[in-house]
Amino acid sequence: MPKLTKELVVNWHITEACNYKCDYCFAKWDSDSKEVLHSQIKIETLIEQIENIRHILNKSSQTVYFDQLRLNLVGGETFLYMKQLKNIINLSKKYNFRLSAITNGSLFNEIDMKFIAQNFSSLGISVDSINEYTNLAIGRTSKQNTFNPSQVLTAINKIKKYNPMIEIKINTVVNKLNASEDLSYFISQIQPNKWKIFKLLPVYSNKLDITEQEFHQFIEKHSSFKSIISSENNNDMTESYLMIDPLGRFFQNGYTSGYKYSSPLWQVSAETALKQIKFDSQKFVNRYKKIF
Ligand code: SF4
């Protein structure tokens with residue numbers, strides 16, 4: 001049987017630093033050393049190993065062939081360290097990676113929208129609520145501002161003007177505070193290509209956890225967007241992502257608390273690091289089929 005040809009997605013959390021303080025933030029890693037993005041030599045080695053992941057998986061998979069790699073840059077807040085981010089983008093271009101990013105949207109008034117439009121094929125914005133009080137309660141607020149849906153809308157319109165082909169995604173984490181909210185109007189204004197809806201994954205905190213039923217009710221309420229929605233419950237999310245932390249290690253959730261880590265990819269080969277984590281390739285392919 002011929003193999004399915006797909007794009008491999010590797011998620012690199014380039015920094016833990018963030019100007020928001022969401023209650024259920026999972027961007028917390030065991031670290032006492034400097035993040036990779038501040039070291040030129042570590043970034044270069046890490047990016048080289050990221051390119052190798054695709055070839056290693058191609059050798060071992062009977063069902064899928066990854067013809068391209070998309071490096072998805074995540075935080076913390078991805079656009080917090082612009083100089084370092086630009087360096088990562090330039091190095092990634094050497095390997096012809098497609099680039100995407102996830103942001104909390106808080107710095108849209110400080111970043112050049114043309115820069116985003118020209119460098120990323122896809123941009124994800126985390127939007128859990130459009131209600132100011134709910135955003136305050138969740139912690140989607142900084143010293144300067146609270147999450148501002150109209151600022152996000154303006155920014156997206158500008159980005160689309162510069163790059164009409166860019167893929168816009170909205171990521172929503174359903175939790176106790178937003179489970180009853182209706183985001184339909186906002187979503188119809190943004191017109192994203194995809195809307196990824198996650199059930200809160202209680203890695204560090206479960207006080208805002210919701211039941212499967214509450215999660216399904218949220219999906220049902222927004223069923224008019226079913227052509228763009230992809231939803232993931234905790235089981236789908238476990239061991240089905242290739243995720244690298246700010247220190248350059250693979251990490252995985254799905255454990256009772258905290259993460260499991262590999263050695264840093266700037267220290268060992270991608271082959272060795274992949275053996276140190278539990279990676280369910282079948283789940284990865286299933287998830288992949290569902291989302292793309
Ligand atoms: S915006 Fe994202 S990275 Fe920042 S605190 Fe919230 S969940 Fe964490």
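Select His13 and Gly75: the backbone oxygen of Gly75 lies 2.6 Å from a polar atom of the His13 side chain. That is a polar contact, meaning a pair of N or O atoms within 3.5 Å; within protein, one must be able to donate a hydrogen and the other to accept it, and residues adjacent in sequence count only if both atoms are side-chain atoms. The model is predicted: local features need pLDDT of at least 70, side-chain atom pairs count only at pLDDT 80 or more, and totals for chains, interfaces and linings use all residues. Residues are numbered from 1 along each chain as its sequence is written, and side-chain values use heavy atoms, with hydrogens and water left out.

**Stop 1: around His13**

Stay on His13. It belongs to strand 1, residues 4–13. Strands (E, at least two residues) and helices (H or I, at least four) are DSSP runs, numbered from the N terminus. Is His13 buried or exposed? His13 is buried, at 4% relative accessibility. Buried means under 20% relative accessible area, exposed over 50%, and partly exposed in between (1.4 Å probe, protein chains only).

Now step from Gly75 to Gly76. A cis peptide bond joins these two glycines, with omega about 15°. Most peptide bonds are trans. Gly76 sits in the loop between strand 2 (64–74) and helix 2 (82–94).

**Stop 2: the ligand**

Select the ligand. Which residues are around it? They are Cys18, Tyr20, Lys21, Cys22, Cys25, Gly76, Asn104 and Arg140. The shell has four nonpolar, two polar and two charged residues. In this scheme Ala, Val, Leu, Ile, Met, Phe, Trp, Tyr, Cys and Pro are nonpolar; Asp, Glu, Lys and Arg are charged; the others, Gly among them, are polar.

Cys22 is buried, with a relative accessible area of 14%. Cys25 is partly exposed, at 26%. How many disulfides are there? The count is zero. The rule asks for a pair of cysteine sulfur atoms within 2.5 Å.

**Stop 3: aromatic pairs**

Colour the Phe, Tyr and Trp rings. The whole structure holds eight aromatic pairs. Rings of Phe, Tyr and Trp (its six-membered ring) pair if their centres lie within 6.5 Å; planes under 30 degrees apart are stacked, over 60 edge-to-face, and the rest tilted.

Select Trp195 and Phe218. Their rings are edge-to-face, 6.4 Å centre to centre, with 70° between the planes. Trp195 lies in strand 6 (residues 194–199) and Phe218 in helix 7 (residues 212–221), so the pair ties together parts 23 residues apart in sequence. Trp195 is buried, at 0% relative accessibility. Phe218 is buried too, with a relative accessible area of 0%.

Go on to Tyr259 and Tyr261. The ring centres are 6.3 Å apart and the planes stand at 80°, so this pair is edge-to-face. Both tyrosines are buried.

**Stop 4: charges over rings**

Select Lys42 and Trp266. The charged end of Lys42 sits over the Trp266 ring, 4.2 Å from its centre. For this, NZ of Lys or CZ of Arg must be within 6 Å of the ring centre and within 35 degrees of the ring normal. Then select Lys86, which lies over the face of Phe115 at 5.4 Å from the ring centre.

The backbone nitrogen of Lys42 lies 3.2 Å from a polar atom of the Ser39 side chain. Ser39 is in the loop between strand 1 and helix 1 (40–60). It is buried, at 18% relative accessibility.

**Stop 5: two loops with positive phi**

Most residues other than glycine have a negative phi. Select Asn96: its phi is near 60°, a positive value in a residue other than glycine. Asn96 lies in the loop between helix 2 and strand 3 (98–103). It is exposed, at 62% relative accessibility.

Next, Gln191. Its phi is positive, about 50°, although Gln191 is not a glycine. Look for it in the loop between helix 6 and strand 6. Gln191 is exposed, with a relative accessible area of 57%.

**Last stop: Phe186**

Select Phe186, in helix 6 (residues 184–190). Phe186 is buried, at 3% relative accessibility. Where does it stand from His13? The two C-alpha atoms are separated by 27 Å, and the residues are 173 apart along the chain.

Notes: Near = heavy atom within 4 Å.
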